[in-house]
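Please keep the sequence and the structure at hand while reading.

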Amino acid sequence: MSLSVNRLLSLSLVVGATLSLFTSLRFSFFGIGELLIIFSFFLTNFSRIPPINFLNYPFTIFWAIYITASLFGALLNLTIINNQTGTIEKMTLDLFAYIFIFCTAFTLEANINQKSLNPWRLLKGFIIFSSIVLTILLFISFYTPSLVGLALFHNEASFAPLVTNVHQITMFYIILPFLCIGILIKEYEVYPDRNSIIKTILYLTLFCTTIYMALTAQATKAIVGFWLGVACLFLFYFISKSGFIMRSLIIYLLITFIVFIVYYFDLIRIFTDFFIDADGISGTRAILYGGSFNLISESPIFGRGPGGHIWKGELYWDVHQTFLTALIQAGIVGFISFMVLVFRFIKDIASESIFLASMAPLAIYALGGDILRRLPIWILLILIMYAVRHIRLESSQK
């Protein structure tokens, strides 16, 4: 009976996480994917939950701190601060999303810690199933631009199936080529007896289709993120496979190259020009980023609470930058807790070059957009960290 419950739990999480990618399928806050994730929460055996601490529940504890700090910030924003910002509607929307991610993180970490879920198998299931679904939608898009009235493209150019915003799906599928090939390599390294020709063909096929999606993406952040990931992959791989002397030489050459670039090129002007070109004629992001610093200085400890707080065009906007969003919403408390989680995550996956390189595209999206509300991204981050830890333990035992 326990095994059946665990399989049902895994299935509901894999299918739920995949369906949550497609925001056009939601009804208001919820869709089928979110309902399946809620179902998995109630499948958790709460009597067997291990003690809660930062070692076992880093994502859960981060979200608990972030939500608490942002609620303090909202209280200050609505009662004490003279320059009140934001709206109740947007605050409620963000807060609901954060609480949902907090509950999902707790569900995953609790079940992984009590061995009800195998994080490596769950990661494989999520990547394979989501890649298959996206591949099917990609082939459908070759014949029709929509499916049951829902668009498969953004501006008839970039593949963005069943979403309301192109970045909601591109930030995910530009990571998939790295993860497909990374999982295949680790499967051959750690579980050589479990592989077959059919499984290998499946992974290589999904790698080809997802890399096609990444190469044809039109969004600037997707293009920059993907190619940065490719560069990081080669760099991290050569460093991980090199001896001490070669590794030192590579690092020395890299530092020399960076110093050369900084000395001979005006990087500030280059990045400024690139930012202006990518930002478009309206210069919206420049306005949002500039306005964010004033708001941060007015409430630096706990921030101003969830929601958008930058006034522009008779509306309160999100800042569209994850680190600034953390500072505005939850202040220094939320920002530090976020950075601690980021460093913990990098430390845990640093030994696996492909998985570490796969995070480079997401870093670009965090710098140029907001990933805090993206439920599938948080599920992916949790699974990657625990899966890498699990596969490292399996490898050492063998």
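This is a predicted model: local features need pLDDT of at least 70, side-chain atom pairs count only at pLDDT 80 or more; totals for chains, interfaces and linings use all residues.

Although His-320 is not a glycine, its phi is positive, at about 60°. Most residues other than glycine have a negative phi.

Leu-162 is another residue that is not a glycine and yet has a positive phi, here of about 55°. Leu-162 lies in the loop between β4 (158-159) and α6, and with a relative accessibility of 8% Leu-162 counts as buried.

Which residues of helix α2 are buried? In this helix, which spans residues 32-42, they are Gly-33, Glu-34, Ile-37 and Ser-40. Because these buried residues fall within an arc of 110° when seen down the axis of α2, they line one face of the helix. On the face turned away from that buried side, α2 carries the exposed residues Ile-32, Leu-35 and Phe-42.

One of the buried residues of α2, Ile-37, is touched by Thr-104, which also touches Leu-375 and Ile-379 when residues up to four places away in sequence are not counted. Thr-104 belongs to helix α4 and is buried, with a relative accessible area of 3%.

## Helix α15

Helix α15, made of residues 360-368, is mostly covered, since 7 of its 9 residues are buried. The buried residues of α15 are Ala-360, Pro-361, Leu-362, Ile-364, Tyr-365, Ala-366 and Gly-368.

## The largest pocket

What volume does the largest pocket hold? About 1000 Å³ of space lies in this pocket, and of the 31 residues that line it, those closest to its centre are Arg-26, Leu-93, Gln-168, Arg-373 and Arg-374.

At least two residues of the pocket lining come from each of α4 (88-113), α6 (167-173) and β6 (315-317), and it is α4 that gives the largest share, 7 residues. By class, the lining of the largest pocket divides into 11 nonpolar, 10 polar and 10 charged residues.

Searching the whole structure for cavities of 30 Å³ or more gives 2 of them. The largest cavity holds about 50 Å³ of space, and its lining is made up of Gly-307, Gly-308, His-309, Trp-317, Asp-318, Val-319, Thr-325, Ile-328 and Gln-329. Helix α13 (residues 322-349) provides the largest share of this lining, with 3 residues, while the classes found in the lining are 3 nonpolar, 5 polar and 1 charged.

The second largest cavity holds about 40 Å³ of space, and the residues that line it are Leu-13, Val-14, Ala-17, Leu-108, Leu-122, Phe-126, Ile-379 and Leu-383. Two or more residues of this lining are given by each of α1 (2-19), α5 (119-141) and α16 (375-397), with the largest share, 3 residues, coming from α1. The lining of the second largest cavity consists of 8 nonpolar residues, with no polar and no charged ones. Ile-379, which is part of this lining, is also among the residues that Thr-104 touches.

How many disulfides does the structure hold? The number is 0. For Cys-232, the closest cysteine sulfur is that of Cys-180, and because the two sulfur atoms are 19 Å apart, they are too far from each other for a bond; a disulfide would require a pair of cysteine sulfur atoms within 2.5 Å.

Is Cys-232 buried or exposed? Cys-232 is buried, with a relative accessible area of 16%, whereas Cys-103 counts as partly exposed, at 30% relative accessibility.

Methods:
Residues are numbered from 1 along each chain as its sequence is written. Side-chain values use heavy atoms; hydrogens and water are left out. Buried means under 20% relative accessible area, exposed over 50%, partly exposed in between (1.4 Å probe, protein chains only). Helices (H or I, at least four residues) and strands (E, at least two) are DSSP runs, numbered from the N terminus. The arc is that of the directions from the helix axis to the C-beta atoms. On a 1 Å grid over the protein atoms alone, a cavity is a set of points where a 1.4 Å probe fits but cannot get out, and a pocket is an open set with protein on both sides within 12 Å along at least five of seven lines; lining residues have an atom within 4 Å of a point. Grid points are joined across faces, edges and corners, and a volume is the space filled by probe spheres set on the points. Ala, Val, Leu, Ile, Met, Phe, Trp, Tyr, Cys and Pro count as nonpolar, Asp, Glu, Lys and Arg as charged, and the others, Gly among them, as polar. Contact means heavy atoms within 4.5 Å.
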